[in-house]
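Please look at the sequence and the model first.

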Amino acid sequence: MTEPTNGPLVGLRVLVVEDSFLIATSLRDMVAGFGCQVVGPVSTVAAAQRLLGDDKCDAALLDIDLGGETSEPVAATMVEQHRPFLFVTGYSSPGMLSAGFKQFRRLRKPLTEVTLKRAMVEEFVKH
Amino acid sequence: MDLVLAILIVSSALQLLAAAMALRLVRHTGFKAVWVILSAAFVLMLARRLLTLLGTTNEPWADVWTTEASEIMALATSVLLVVSMWRVGVVLRERRLIEAALRGTSDRYRQITDNIEEVFWLSDVQTGEMLYVSPAYDRIWGRPRGDFLRDPQSLLETVHPEDRARVAAWLAEVGVRPLDEEFRIVRPDGEVRWVRDRAFPFQSAPDGRRLAVGIAGDVTERHRIEESLRASEERHRALSDKLNLIMSQMPVVVWTTDLELRFTSSRGAGLSMLHLDPDQVVGMPLAEFLGAGEAGQVALDAHRRAAQGEEATYILDYYGRSYQSIVQPLRDDSGRIVGCIGVASDITARMQTEESLRQAEARYRTLFEQSPDGVLVVDPRTLLAVDFNDSICGMLGYSREEFARLRITDYEAAETAEEARAHIERVLVSGREDFETRLRRRTGQIIDVIVKVRAIDLGGRRLLHSILRDISHRKRSERRQVVMMRELDHRVKNNLAAVVSLAEQSARSSKTVGEFSDKFLGRIRAMAQMHSVLARTHWHGADLRPLIEQILEAFHVPGHARVVLEGPDVVLPAGAAAPLAMALHELATNAVKYGALSVAGGQVHVAWQVEPAGDDGGRVRLTWAESGGPPVKPGASPGFGTELICGGIAFEMRGKAEMKLLSDGLTCEITLRLDGAVPAPETQDMPSGPPDEPSAAP
């Protein structure tokens, strides 16, 4: 897949947090296809936090359920750093999220490139 | 002669006078002989004087009666006279004294008879004449006694008509024998008085007359007293009869005993229940009546205490009935204890009622205590439990003592204290409410309960009666169901996402539709087989051997014997199943297409062993070793297969997969952690770029 050299998302450093290998692979490929620089994917909160601490990313795609933990702490860090992010989840309802995170936009799996790209542009570029 | 004669005449006259006086005196004194002699002497002397005076000197007895004799006679007469005079003086003085004395006595008697309260009367029986009636008559009869004295028969008119006949008969017998009679008289003012009249007949000594003396007294007062006594006695008897009647009908048994504890009376309707008549047991010793036995002993002791002045109560079971008894000392008018008095009421029915109440109470208490639901009665003012069963203590993990000190707000977890109080107020108004809430156990654990509250009035207090049922289990399972539904949704979507990913990856590495179809469908199948293995254990884990068998079964390997599985039974964490299944599928695909399984004589040896548990719960080391395959050609293009083999295991399982191309064929060594816990925070990131070249590719 050839990467575009221009576009709203080109060069954006996007952190991908997803615990499923196959989905992470898919997300990675899609995001790379948008001309973004993929950070990760990582499957744990700790790994993600370390990458955020190193100031290596501009935005993030966060799978909510990381198999035993949620990506809420990562989202909290993103909010602190005033960086945009999108939740990606297999759940239909925001039930798993605590009250403070329910207002954030969630993308539902499975994702199509079109859906993902539109959401990323809307959320990540206006910032 | 004339002078002498004159003197003589005068002297004689004086003598005669003196003699006459003397004679009168003597007569009155009773000296009769003296009087006769003196009288004769005077007659003789008088006759001589007369003869002398008449001049008759020659009378026959003149010789006898000489002058001397006459003088002697006169002297004697004078002497006699003097003596008589002296004697008469003495007699007269005595008589005066006697008369005075007699007069005094008579006056006194008269005074007595005149003044005594009773009427003293004297009558002549034969003539019927009333000789004397004392003045008391006037006072008692209220009439002048003159009427009576004049007409004794008028007495009957004063007698009360009812007594008149009796009195008439009585009067007829006066003088025959002593009589004593009481009768009523009617006074002129109409007042009726009772009179007692006693009469005694006697014979008058001086004249032999038959008299009767009597005393009539006013006994109205006595009669009045007697009457009132009689009336009082009658009243008393009537009262006593009434009391007896009441006593005999009182629904109790009343008895008295003496100090020796023998019955002196027994009364009351309660006796009939014992088939006893009133007073039937009088004289019987109490001990005999009660018989031997502990109950009788208690009753006897109570009587002994009562005889000592104490009040004692006891319940006596006697011939199948129960008696509540009170025994007290029995005292006479002076307050001295003379025995015991007891009252017993039959409380059999009450006891039976109480017993059935007790049983009902016990029954309900058991229902209350043994209820698997918590039962709680709370005072809404204090919020403290008034009563509660053990179930609620067990439900909340408190001892009874601890729970008794807790307020509702101490264990209510879903509402704040203010909310709970407001809630209670609402229930007090509505009277009932069923709701669900959460309570905090002693350990801090929260449980879900369903509460049914009713406002009740108990002993004048408005209380809240609650039944609490722990529905944590149901709630948990409800929540689990919600979680499972969400999880199912999540997994389906994740799986679809994985399928999409597999399709993308397969498409990317395929040159033809046929190749894509083979790769994609093979991978989907491997996922499906992995799921069926997981389903057997309800997603708790995956048995390693069946997993490998399932994956390899899909490959039509000529001659099964060429695949050898060797290792112990081990259950992998559920999360390990997918990456391992994918890896095994890719390895097998590669082997069938290019490796040991592509030629006859090729062999795959799959062996695994469990490494001892360390800090992390142990590992499984699995080796895929191919041999006898075609010669290995280095420089084959990298593909998704390699990434699936290594990346998946590394990314998802914190495992390790190493592939080596030995001269015999491909070898892959996979290490998986067995604890299935959240991976340690060591970074095991997936390569961000396209997968690295495998060290060897078919």
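This is a predicted model: local features need pLDDT of at least 70, side-chain atom pairs count only at pLDDT 80 or more; totals for chains, interfaces and linings use all residues.

Residues are numbered from 1 along each chain as its sequence is written, and chains are lettered from A and ligands numbered from 1 in the order in which they are written.

Q: What makes up the secondary structure of chain A?
A: Helices (H or I, at least four residues) and strands (E, at least two) are DSSP runs, numbered from the N terminus. By that rule chain A comes to four helices and five strands, which follow the pattern β-α-β-α-β-α-β-β-α along the sequence.

Q: Why is helix H8 of chain B said to lie largely in the open?
A: A residue is buried if 20 or more other C-beta atoms lie within 10 Å of its own, exposed if 12 or fewer, and partly exposed in between, with C-beta atoms placed from the backbone. Of the 30 residues of H8(B), the number buried is zero, so the helix lies largely in the open. In chain A, by contrast, 46% of the 127 residues count as buried.

Q: How many bridges join strand E1 of chain B to strand E5 of chain B?
A: Two strands pair if DSSP finds at least two bridges between them. Six bridges join E1 (residues 119–124) to E5 (residues 210–218) of chain B, and the two run antiparallel, with B:Phe120 opposite B:Ile215. Strand E4 (residues 192–203) of chain B also pairs with E5(B) in the antiparallel sense, over nine bridges, and here B:Arg196 stands opposite B:Gly217.

Q: Why are strands E12 and E13 of chain B said to stand at the edges?
A: The open sheet has five strands in the order E12-E11-E15-E14-E13 (chain B), with antiparallel pairing. Strand E12 (385–388) and strand E13 (432–440) of chain B each have a single partner strand, so one side of each is left without a neighbour in the sheet.
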